[in-house]
Amino acid sequence: MNPKHFLILTPVLLASCSTNGNGTTDTSDSTDYTAYVDTKIGSGGHGHVFVGANVPFGMVQLGPTSVPQSWDWCSGYHDSDSTVIGFSHTHLEGTGIGDLFDVTVMPVVGDVTYSRGVEGQEGSGLWAYGDRSTEHSVPGYYAISLPRYNVTAELTATNRVGLHRYTFPESEEAAIVFDLENGGCWDKATGTEMKAEGNNRIVGYRNSTGWAKDQKVYFVAEFSKPFDSFELKGQDNMYGRASFKTKDGEQVMMKVALSPVSVEGAKANLAAEMPGWDFEGTLTAATEAWNSELGKIKVTTSDADAQKKFYTAMYHTMIVPATFSDVDGKYRGADGEIHTSDKPQYTILSLWDTYRAAMPLYSIFQPERSTDIVNAMVNIAEQQGRLPVWHLWGNETDCMVGNPGIIAVADAIVKNQQGIDRQKAYQALLKTAADTARGGGYRQQYGFIPSDKMNESIAFDMEYAIADAAVAAAAKAMGDDENYKKFTERSHSWRNYFDKSTGFVRGKFADGSFRTPFDPNSTVHREDDYCEGNAWQYTWLVPQDLDGLVELFGSKEETIKHLDELFSTSSELTGSNVSPDISGLIGQYAHGNEPSHHTIYLYTMLGQNDKAADKIHQVLDEFYTVNPDGLAGNEDAGQMSAWYILSNLGFYQVEPASGRYWFGTPAFEKAEIALPDGKFTVKANNLSAENRYIRGVKLNGKDYDKMYIDHSDIMAGGELEFEMGK
């Protein structure tokens, strides 16, 4: 069978259910929301998105991994490159560092060289070009043909199991090769093992070091066809070849279950999630799982591109965090020990990014999962002594600045999310905030982090200040007045950097002098006083203390003048090593990186919502497109897309752990959010490109005079109605 023809004959499976207003299955809604998703959006440029087969928040992200090992291939896939070294069971989503790609498998025919190989030299390794004209990628399913081997690969998945279906040509030398050598760009195997159990099962593990310093992945693979032999190959036996004789068009299936705990755990995961060999049934279940989650926000629009962008963004917010516990509740803790919980655990927590929009979004449309994620973070704090910064497969990477875990947990306390031990979570906040590592000691000694004591001092301190405001908000919610006052004061530490003579935050030394010379356009990637930004962007990184910024500028009018200048000034970036993360520029506003994500909404907080509407409208149109290069920067574990979703709904949580969502401009005539006990509807009357300005608001039919809505009002259900005009 010709692989290209085989892909054309693959049936399109439509979902038969989604969720209704109370969050339960609604078989009357046959909408296939996956048809609105374009998984290739963000696969070009610097989007770094995962392309492959998975289910929402699954442990397994099964998809192709390419030959290159560089920044734009962090997820293993890039639209510009069709090389495939194999199909890996773990991938990152939109990050700026590479890792994972664990348990990579490649269907082959004939003799091969057991290595990653050299790009452009087919035959130098296992890799082959994928025929992109045959590629088919939708949520829960991926397929492509590999002309080098005349093999078609199809993939689907459950939470913890990847299911492969390979269509082989007639051959005496067909095989499926396991590659345990080649992980992510920053990854190196430190210990591997594979062995056959009988003639249709392979078990093993891969230990590695990289971004995750001590990662452990265990697996079991079963085949639908007994193999004739299984041989260890390559350097240090890190490759295993299961060989078959195949007829033309013969399909060989393989299911691979993962576990962070043990081979026994992987076997139990396999038995629980995929006891049989029903590829179409597994794909149908994956499609239904995606439709159930995607259908939790239903939008009404005549704009097909806007609909595609919205549901693709929804999809991107649900790839990670990833499940990190086995079906029996066991998981590997941040202390390296095995723990058991009756609630699912999660990993791939890119919190410096996701505390801003993704975590608040989960608290609305994924409230139970949001609680589970926060509880998992509190468990991590018990095991490693502080809340996570960037958790990756049982490892604290300490990637990025500040204490973002504090903000996410404090937000849950303030919102009184059900199922959280608020006292336990609150103690985790206080313990983490007292930590002297990563610049915390300097803040306690000097009241801020002196720029002559530590690299990225401004970025660390300003993020710590946001976290302090979150602790203060949680303290207030817990009735702890003493800590409310203490952490409110600490949240003002950033004011030490503000230079009234220039109107910017700039490096300040322990003796009180400012760093000179000073250029607000300058950025030296990860080697200056900021982090992936410059003075233009960081001056506005005070969502917790806008009143303080207004006071330092001298008046609200002067603050607005400077904010206007942020968007109108030259987009030139200077410096010896300009940060590639500063992208999506309007003036010096950088939508491609997270420190700017709240900034437009400061206009609303300053009483000029119309200006916010203009800028939000521009960002929605220019920096989110339906092209592969459709994101202004890294997807960053769903944060870029979460901003898009909330901004389309018409509001955004600016202040840390406030429970307040400030209004921008709604982009849809109607949006319905499924809640556990009903639904929350957002309507925009008289909406058009010209009529993008809020001229009146009603909540549940009554006139509403605030320019924000509280989380509690959203979760109570009802209707938020905007009257739009010119």
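How many residues of helix H18 are buried? I looked this up before the rest. I found that 11 of the 11 residues of H18 (639–649) are buried, so I noted the helix as mostly covered; buried means under 20% relative accessible area, with exposed over 50% and partly exposed in between, for a 1.4 Å probe and protein chains only.

**Basis.** I worked on a predicted model, in which local features need pLDDT of at least 70, side-chain atom pairs count only at pLDDT 80 or more, and totals for chains, interfaces and linings use all residues. Residues are numbered from 1 along each chain as its sequence is written, and side-chain values use heavy atoms, with hydrogens and water left out. Helices (H or I, at least four residues) and strands (E, at least two) are DSSP runs numbered from the N terminus.

**Entry on H18.** I listed the buried residues, among them Trp643, Tyr644 and Asn648. Just after H18, I noted that Gly650 has a positive phi of about 110°.

**Entry on H8.** I then turned to helix H8. Because 10 of its 11 residues are buried, H8 is largely enclosed by the rest of the structure. The buried set includes Pro404, Gly405 and Asp411. I found these buried residues packing against H5 (351–354), H6 (358–365), H7 (367–384), H9 (422–433) and H11. Asn416 follows H8 and has a positive phi, near 55°.

**Entry on H8 and H11.** How are the two helices set against each other? I recorded an angle of about 25° between H8 (404–414) and H11 (457–477), with the axes 9 Å apart; axes are lines fitted to C-alpha atoms over the stretch in contact, and angles run from 0 to 180 degrees between N-to-C directions. The pair is therefore roughly parallel, a term for angles under 35 degrees. I noted the crossing as left-handed, meaning that the near helix is turned anticlockwise from the far one by less than a right angle. In contact (heavy atoms within 4.5 Å), Ile406, Ile407, Ala410, Ile413 and Val414 of H8 meet residues of H11 including Ile466, Val471 and Ala477. I counted 12 nonpolar residues in this contact, no polar and no charged.

**Entry on the sheet.** I traced an open sheet of six strands with mixed pairing, in the order S19-S35-S36-S40-S37-S38; two strands pair if DSSP finds at least two bridges between them. S19 (297–300) and S38 (702–703) are the edge strands, each pairing on one side only. S37 (693–699) and S40 (718–725) pair in the antiparallel sense over six bridges. I noted Phe722 in S40 as the bridge partner of Val697.

Notes:
Parallel < 35°, antiparallel > 145°, perpendicular 65-115°, else oblique. Nonpolar A, V, L, I, M, F, W, Y, C, P; charged D, E, K, R; others polar.
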